[in-house]
Amino acid sequence: MEEVANKGNDHGPEEEEKKKGTKWVPILLNGVTMVIGTIASPLMSRLYFLHGGSRKWVASWLQSAGFPILLIPISILLLRNRPQKTPFTLIKPKLLMASVSLGLLVGLDNFTYSLGLSYLPVSTSSLIFATQLAFTAIFAFVIVRQRFTAYSINAIVLMTMGTVILAVRKGGDRPPNVSDGEYLLGFFVTLGGAALLGFILPCTEFAYTKLSKVITYELVLQFQLILTSTATAVCTLGMLINKDFQAIPREASAYGLGETKYYVVLVSLAITSQLLFIGSLGIIFYTSSFCAGVLAATLLPFTEVSSVIAYKERFTAEKGLALALSLWGFVSYFYGEYEKSKSQNMAPSSADNSV
């Protein structure tokens, strides 16, 4: 896969090989962070709505409001660079504007996700949101010239079939007190949110590779800080218009799990959502936007199992079939990547033999 971190830089073969060898540590760390956020964040969002929470803008706001956490790693990097007399790289104006623009879209995406999750079980919402991989593939092809393979196309077709199955059999897992109209609204809003995320990920990779000559991890953290603070500002505006700040104390006092646990749920949602952001943007930095989309989609079965265990959600036949099609699509993608990697590794050796 295309290496975002090394684009635009010329290195000798030995140095490049050394970078490839050491890069797996940050990839693993960001991957673990993304795993925790991907699984825990929707569970916290659904827990908020299950026990009396009803403010969509509040749930949306919390998905990015944990951005002050980023000041910790940014401060550590700043202090680490100072003794070494290494200048701390500041984000450039073009990258700054890109992070603000994407932050506006992320704020909208947060709202679509919260709105959909208020009407759908976590398992169904996760299955629908898995289609973001298909949207990511399409937008990555257009924006960053990601190459399609027969395996990628097969994965897109299979996931689309799974989503259609869920749409046709919409009554199979409809939660109590949710009408058919609300269920369909949740379905299509979640699908729209998946499409928007599929657009945001390649745009982030484009910003990394085209708007700055040198991209470091400290720049990625600054990029994320500006992006998530902008998304928080968008959701704050929605909360002010909807008068959600005044409603929070009333909602907390009537919350089914108690007032204290209400605030624990809110804080947990903010933290886990920020972990998801950190992991996702880190994976994009070290690999590609398409890889981040694939990893998010690969975590689907774990989110499914977690929601069934935690909330006793029904695992219907339609969900099982949709999940099987999705997993089939993921396997197809990974096999395609394996074949592509194998052919790329064989090409240099063939060229050497011909000399």
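This is a predicted model: local features need pLDDT of at least 70, side-chain atom pairs count only at pLDDT 80 or more; totals for chains, interfaces and linings use all residues.
**View A. The whole chain as context for the close-ups.** The chain has 15 helices and zero strands, these being DSSP runs numbered from the N terminus (helices, H or I, of at least four residues; strands, E, of at least two). Of the 355 residues in the chain, 51% are buried. Among contacts (heavy atoms within 4.5 Å) between residues at least 6 apart in sequence, 85% join residues at least 24 apart.

View B. Thr 272 is found in helix α12, and, when residues up to four places away in sequence are not counted, Thr 272 touches Gly 37, Ala 40, Ser 41 and Met 44. The C-alpha atom of Thr 272 is separated by 9.0 Å from that of Pro 42, although the two residues are 230 residues apart along the chain. A polar atom of the Thr 272 side chain lies 3.2 Å from the backbone oxygen of Leu 269.

View C. Rings of Phe, Tyr and Trp (its six-membered ring) pair if their centres lie within 6.5 Å, and planes under 30 degrees apart count as stacked, over 60 as edge-to-face and the rest as tilted. By this rule the count comes to 14 aromatic pairs. Trp 61 and Phe 245 form an edge-to-face pair, because their ring centres are 6.3 Å apart and their planes stand at 80 degrees. Since Trp 61 lies in helix α3 (residues 56–62) and Phe 245 in helix α11 (residues 244–253), this pair ties together parts that are 184 residues apart in sequence. Trp 61 is partly exposed at 24% relative accessibility, and Phe 245 is partly exposed at 33%. The pair of Tyr 217 and Phe 285 is tilted, with 6.0 Å centre to centre and 45 degrees between the planes. This pair links Tyr 217 in helix α10 (residues 217–242) with Phe 285 in helix α12 (residues 259–286), 68 residues apart. Tyr 217 is partly exposed, with a relative accessible area of 23%, whereas Phe 285 is buried, with 5%.

View D. At the start of α13, a side-chain oxygen of Ser 288 reaches to within 3.2 Å of the backbone nitrogen of Cys 291. Helix α7 (residues 132–143) packs against α13 at an angle of about 170 degrees, with the axes 9 Å apart, where axes are lines fitted to C-alpha atoms over the stretch in contact and angles run from 0 to 180 degrees between N-to-C directions. The two helices are therefore roughly antiparallel (over 145 degrees; under 35 counts as roughly parallel, 65 to 115 as roughly perpendicular and the rest as oblique). Residues making the contact include Leu 133 and Ala 137 of α7 and Phe 290 and Val 294 of α13.

Notes. Residues are numbered from 1 along each chain as its sequence is written. Side-chain values use heavy atoms; hydrogens and water are left out. Buried means under 20% relative accessible area, exposed over 50%, partly exposed in between (1.4 Å probe, protein chains only). A polar contact is a pair of N or O atoms within 3.5 Å; within protein, one must be able to donate a hydrogen and the other to accept it, and residues adjacent in sequence count only if both atoms are side-chain atoms.
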